[in-house]
Amino acid sequence: MRSIRAFGVITSTTLLLFGAETYQKPPKAVEDILNSPTTPTLSLSPNHAYALQGSPVRYPPIAELSEPMLRLAGIRINPKTNGLHNTTFQSNLLLRKIPEGTEIKIGLPANPKLGLGPWTADGSRFAFTNSTPAGIEVWIGEAATGRTHKVSNLHLNEVFGGGRGGAPGGRGGGGGGGALQWTPDGKLLVFAVRANRGPAPPEPTVPAGPHISESAGGEKGAPTYEDLLQNPHDEDLFEYYATAQLEVVDTVSGAATLIGKPTMIESARPSPDGKYFIVNYIHKPFSYSYPARQFPTEIEIWDRTGKVLKKEASIPMGGLGRGPGAANAAADEENPVSAGPRGLSWLITDPSTLIWFEGNGGTGRGGGRGGGGGRAGATPSANATPQPIHEKIMALKAPFDGTGQTIYEADQRLEGFAFTENLHTAIIGSAGAGGRGGGGAGGRGGGRAQTAYLIDFANPKEAPKPLWTSGPSRYNNPGSPVEKPLPNGGRVIVLDGDNIFLQGNGPSTAGDHPFLTKYNLVTKETKPLFKCDDDHFETFDGLLDAHGDKFLTRRESTTEPPNYYVRTASGQLTAITSFPDPQPIMRKVHKELVTYKRPDGVDMSFTLYLPPDYTPGKPLPTILWAYPYEYETADVASETASNGSRMRFTEVTGYSDIFFALDGYAVLDNASMPIVGPRATVNDHFLDQLLMDAKAAIDKAVEMGVTDRNRVGVGGHSYGAYMTDNLLAHSDLFRAGIAESGAPNRTLTPFGFQNERRTLWDDPELYIKMSPFMSANKIKAPLLLIHGEADDNTGTFPIQSERMYEAVRGNGGTVRLVFLPSEAHGYRAKETIEHVNWEKLRWFDKWVKDPPPPNLRPTSNNNEKQ
């Protein structure tokens, strides 16, 4: 266990204070907000007749986070529950009848720690969990009455994450696969803790020998994963806690039918008739370089007795996202889908038929490079011979003998298909057309246009019919299809005659305006049903009839808290909830989206927050809080300046920088920090663009009259902390900085970081230049480093902040390091949240708002340090 240390600064002398300070509380205005209730969200039942309303425990006590934790194979296990450590629980659940909104009380256990579970496909029952010191219980609720009961003699094994929302079927084929699922016959498929497994393996008091890792050559580099196995005892513990028994459980009697032998099950996906399962399980040998999800994996077809009917694949170590059981990955000419089978699932239109994709590895051009993991492969050659694309959808019926039959083929990608409600036509390419939120194909890194096609399994010789095209601009996005569940648990695209429904966020230069439209698959004509107005942010949440005449929305504005409404296509709006404003003081804070340009013409923005009762024209101490993103083109980067909505309701949580507005600061929140360039070399000009981004934001705020240029602080979390370190090392734009959970030494992430795929050995000069740790001698502005002692994010080991503290301190800089016990990459405990806010406000009050006289300030540098 890392020792807890706190550091203080006294005039020009740095004093190390060993031992722990007590947790401190922020000012009352901040504390009141932290203690305010959470605005609830609703989870609709599959039939949209009911909705579950939870009450998440936003800030658990530090005692809960400090419970025993095993850090094994990239997974954090609570040995008391055999589930995940640091889980967000619900303290209460209630039901609402839809569309009336009336409340139905749910019978709950005493002192609950609840987890939301899946609904039955017909929406009549729901499952939820209750975590206790003895294990994770399963409870069943009736939607119509709210009556509940505990399933007897059952404790879940949730080491692989639970996946509680998973119904058996997916979009085109099977989905789900988690530790708690409904079967088509109304029973539960669970990963159970093995009965009579005995105590956990004890740690040896005397080592049996040295701990050895060895590579025989030919392997590839891996990212800097956290929490990997380190010794044979770790292996024994991981196998003990990860091994589960697959069971089908009667929810009334609790009687369990065991399926196969206990093993380390990642997922189990039942067929639509519930008689067979696609089972993924991992096995030894384990690795000390990869997390569990990349351990050797078997993919098999089991029946309800556990008999192995077919071995589909054996996936070797480090083969993440590969093989027949892998999900369908987006493919392009730089990242082709490999030849051979992939995307194994169930055909939702048949009782028990396997389907998968087979491709020829074509890209439409020559070459190609491998994706995933650490370093990418070779860049495609422009002179290579083009490889035409040809793909098939294959099917194999139970009992899964012989080879599959082609049920559809085409000279194009076939991933991401979803059946329509008629069960013979399907839409392919829609999954990449913006997703549920309709965010756009371009994304932050740029993108390509993507066309959705209609295919007909009843006429497999018929070529795919083009429907709509999304991208490359995020503004060009017609949305994604609305779906509904089938009785067998699968999901299909809703049909109304020849029409489907498309919903999306509606990005535009004026911000997001969510919408719902009807799209005719024959004529390709669209009929708008709803579009959010300019004064609200209102999102579609679910259809309430078959024709789109009535649907559920969630609506908010800058002054109205989010609430749920029944909206009709004719425009009638009826509220079904009336959640109050939990933070009235934030309505006194001025909020404004400010847009401006970088000197090279890239559009940028920040959200400006000003204190209550601000006097216009008065320059204020200012905080710039940001996170850099890479973009392939200036056009894509410019589009993000209008990302999101200006009409969102402000509800401040955690250790947000927005709290500074209550302490007399102007806050430039989420300031654009675009790094623009070709994907392979975008970081070649990282520092130049970062300085240009920061200066442009400050110049705009000064021009508006809200910022005192001589009193500006900068901060960020994770890559935003890395940004902060670099800005302090290479400019004099800021009076002080706060870096939360950062990674300032890029040589400690030698196989790539963020979107950088060159390794340290490919370009050592780049890694050194981009490491603010290497320029720590130039950091003279006071720097506050905050880091969770149990950081679980790839690359941001706590030693990153520890060594950065020593580097700045050893070069005469002003620096404070705060390690947070039991906290991961993001901080959660109530005591931690309070203390982090206290630290941040205190730091910037001292060094930015009321800086010391010039003769007592840290030594200054030139505006851009060389």
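## Helix H8 and the residue after it

Just after helix H8, glycine 812 takes a positive phi of about 85°. Helices here are DSSP runs of H or I with at least four residues, strands are DSSP runs of E with at least two, and both are numbered from the N terminus. This is a predicted model, in which local features need pLDDT of at least 70 and side-chain atom pairs count only at pLDDT 80 or more, while totals for chains, interfaces and linings use all residues. Residues are numbered from 1 along each chain as its sequence is written, and side-chain values use heavy atoms, with hydrogens and water left out.

H8 itself covers residues 798-810, and its 13 residues reach 18 Å from the first C-alpha to the last, close to the 18 Å expected at 1.5 Å a residue; the expected span is 1.5 Å times one less than the number of residues. Several residues of H8 are buried, among them Pro798, Met804, Tyr805 and Val808, where buried means under 20% relative accessible area, exposed over 50%, and partly exposed in between, with a 1.4 Å probe and protein chains only.

## The chain as a whole

The chain has nine helices and 48 strands, and buried residues make up 56% of its 866 residues. Of the contacts (heavy atoms within 4.5 Å) with a separation of 6 or more, 62% are between residues 24 or more positions apart. The chain exposes about 35200 Å², of which carbon and sulfur atoms supply 52%; this area comes from the Shrake-Rupley method with a 1.4 Å probe, and for residues only the protein chains shown count as cover.

Just after H5, glycine 705 takes a positive phi of about 85°.

A nonpolar core is a set of buried Ala, Val, Leu, Ile, Met, Phe, Trp, Tyr and Cys residues joined through side-chain atoms within 4.5 Å. The largest core has 60 residues, and Phe606, Leu608, Leu624, Phe686, Leu727, Phe734 and Leu785 touch the most other members. H5 gives the largest share of this core, nine residues. A second, separate core of 31 residues includes Leu34, Val589, Val667 and Ile738. Leucine 608 touches residues including His590, Val594, Val667 and Met704, not counting residues up to four places away in sequence.

## A sheet of seven strands

An open sheet has seven strands in the order S14-S15-S16-S17-S18-S19-S20, with antiparallel pairing; two strands pair if DSSP finds at least two bridges between them. Strand S14 (180-182) and strand S20 (308-315) stand at the edges with a single partner strand each, so one side of each is left without a neighbour in the sheet. Neighbouring strands of this sheet are turned by 35° against each other on average, direction ignored.

Within this sheet, strand S15 (residues 188-193) and strand S16 (residues 244-249) pair in the antiparallel sense over six bridges, and leucine 189 stands opposite valine 248 in S16. Helix H3 (residues 232-242) lies across S16, strand S17 (256-270) and strand S18 (276-282), and H3 runs at about 115° to S17. Axes are lines fitted to C-alpha atoms, for helices over the stretch in contact, and angles run from 0 to 180 degrees between N-to-C directions.
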